[in-house]
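Here is a short report for a reader new to this structure. Please look at the sequence and the 3D view first, then read on.

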Amino acid sequence: ATNSNSSSSANGSKQPAAKSTKSSGKSTGHTASARPRFDGSGSGNYTRTSIFGVEGKGSKFIYLFDRSGSMEGAPLAAAKKQLIESLQSLDTVQQFHIIFFNTRTQSFDASGGGHRIAFASDRNKRLAVNFIGGITADGGTDRINALKEAISFAPDVIFFLTDDDDPMAPSELQDLARANRKAQATICVIEFGHKPKPTPNDSLAQLAHDNGGQYGYVDTTKLK
């Protein structure tokens, strides 16, 4: 994908291995030390779910997935499979929203309009699977506006899946931290790349660290 606002990457932190899912692709990640939004105590609505072994905990989940041209083929197919598996793990008391993005966003809407997050009912899950099936890869990438749209829903967790074609600038990371100051959403990042390990000082790992989430890297050459 191509980020029109690309610049040098911010400093990241060391990433110990994260648990892998059954899907193909190697994933490594870390849990950031930045302020967590909550600890999950005192509410029966909180659950844990994951994408490529990157885990988030909450009751409201946003799935923000890259669908730019560089995701075509096995990467997008694997991302869709993981997304559906994560959705199926949610109970009816949890809520979810799905946003695919390139230079524009394409969102799941189970409510007929409005800025609302759907409950994970069987009906809404079926509608979501149909929506996911219709997504194709094309175009460039605008990560910043997509992330700001996801943050605007004030979820507990954002699963942000994108590829590593362009680093995010330090100014962009700071801008997103400011945008997330009120919502305090945990941003969990899954980075797709074409090499065995992520780039040192990875800006996407820094994004996860700054926003209390886990980071995972998937070598897309291993996907089938």
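Is aspartate 138 buried, partly exposed or exposed? Aspartate 138 is partly exposed, with a relative accessible area of 38%. Here buried means under 20% relative accessible area, exposed means over 50%, and partly exposed lies in between (1.4 Å probe, protein chains only).

This is a predicted model: local features need pLDDT of at least 70, side-chain atom pairs count only at pLDDT 80 or more, and totals for chains, interfaces and linings use all residues. Residues are numbered from 1 along each chain as its sequence is written, and side-chain values use heavy atoms, with hydrogens and water left out.

## Salt bridges

A salt bridge is a side-chain nitrogen of Lys or Arg within 4 Å of a carboxyl oxygen of Asp or Glu. The whole structure holds six salt bridges. The table lists some of them.

| Pair | N to O distance |
|---|---|
| Arginine 67 and aspartate 138 | 3.3 Å |
| Lysine 148 and aspartate 175 | 2.8 Å |
| Arginine 178 and aspartate 175 | 3.9 Å |

Take arginine 67 and aspartate 138, joined by a salt bridge. Arginine 67 sits in the loop between strand 4 and helix 1, and aspartate 138 in the loop between helix 2 and helix 3 (143-151), so the pair ties together parts that are 71 residues apart in sequence. Helices (H or I, at least four residues) and strands (E, at least two) are DSSP runs, numbered from the N terminus. Arginine 67 is buried, at 11% relative accessibility.

Next comes the salt bridge of lysine 148 with aspartate 175. Lysine 148 is in helix 3 and aspartate 175 in helix 4 (residues 170-179), so this pair links distant parts of the chain, 27 residues apart. Both partners are partly exposed: lysine 148 has 31% relative accessibility, and aspartate 175 has 24%.

Aspartate 175 also meets arginine 178. These two are three residues apart in helix 4, which means that about one helical turn separates them. Arginine 178 is partly exposed, with a relative accessible area of 46%. Lys148, Asp175 and Arg178 are linked in a network of salt bridges.

## Nonpolar cores

In soluble globular proteins, nonpolar side chains tend to be buried together. A nonpolar core is a set of buried Ala, Val, Leu, Ile, Met, Phe, Trp, Tyr and Cys residues joined through side-chain atoms within 4.5 Å.

Which residues touch the most other members of the largest nonpolar core? They are Tyr63, Phe96 and Ile98, in a core of 32 residues. Elements that give two or more residues to this core include strand 4 (60-66), helix 1 (74-88), strand 5 (95-101) and helix 2 (122-133). Strand 8 (157-163) and strand 9 (186-193) are also among them. Helix 1 gives the largest share, five residues. A second, separate core has 26 residues, including Ile117, Met168, Ile187 and Val189.

Contact means heavy atoms within 4.5 Å. Neighbours within four places in sequence aside, tyrosine 63 is in contact with residues including Thr49, Leu83, Phe96, Ile98 and Phe159.

Isoleucine 158 is in strand 8. At 0% relative accessibility, isoleucine 158 is buried. Residues up to four places away in sequence are not counted; among those that isoleucine 158 touches are Ile62, Leu64, Ala150, Ile187 and Cys188. Isoleucine 158 and isoleucine 98 are 60 residues apart in sequence, and 9.8 Å apart in space, C-alpha to C-alpha.

## Two helices side to side

How do helix 1 and helix 2 cross? Their axes come within 11 Å and cross at roughly 175°. That makes helix 1 roughly antiparallel to helix 2. Axes are lines fitted to C-alpha atoms, for helices over the stretch in contact, and angles run from 0 to 180 degrees between N-to-C directions. Angles over 145 degrees count as roughly antiparallel, under 35 as roughly parallel, 65 to 115 as roughly perpendicular and the rest as oblique.

From helix 1, Lys80, Leu83, Ile84, Leu87 and Gln88 meet Lys125, Ala128, Val129, Ile132 and Gly133 of helix 2. This contact has six nonpolar, two polar and two charged residues. Ala, Val, Leu, Ile, Met, Phe, Trp, Tyr, Cys and Pro count as nonpolar, Asp, Glu, Lys and Arg as charged, and the others, Gly among them, as polar.

## Positive phi

Most residues other than glycine have a negative phi. Glutamine 184 is not a glycine, yet has a positive phi of about 50°. Glutamine 184 lies in the loop between helix 4 and strand 9, and is partly exposed at 31%. Asparagine 201 also has a positive phi, near 55°. Asparagine 201 is in the loop between strand 9 and helix 5 (203-210). At 43% relative accessibility, asparagine 201 is partly exposed.
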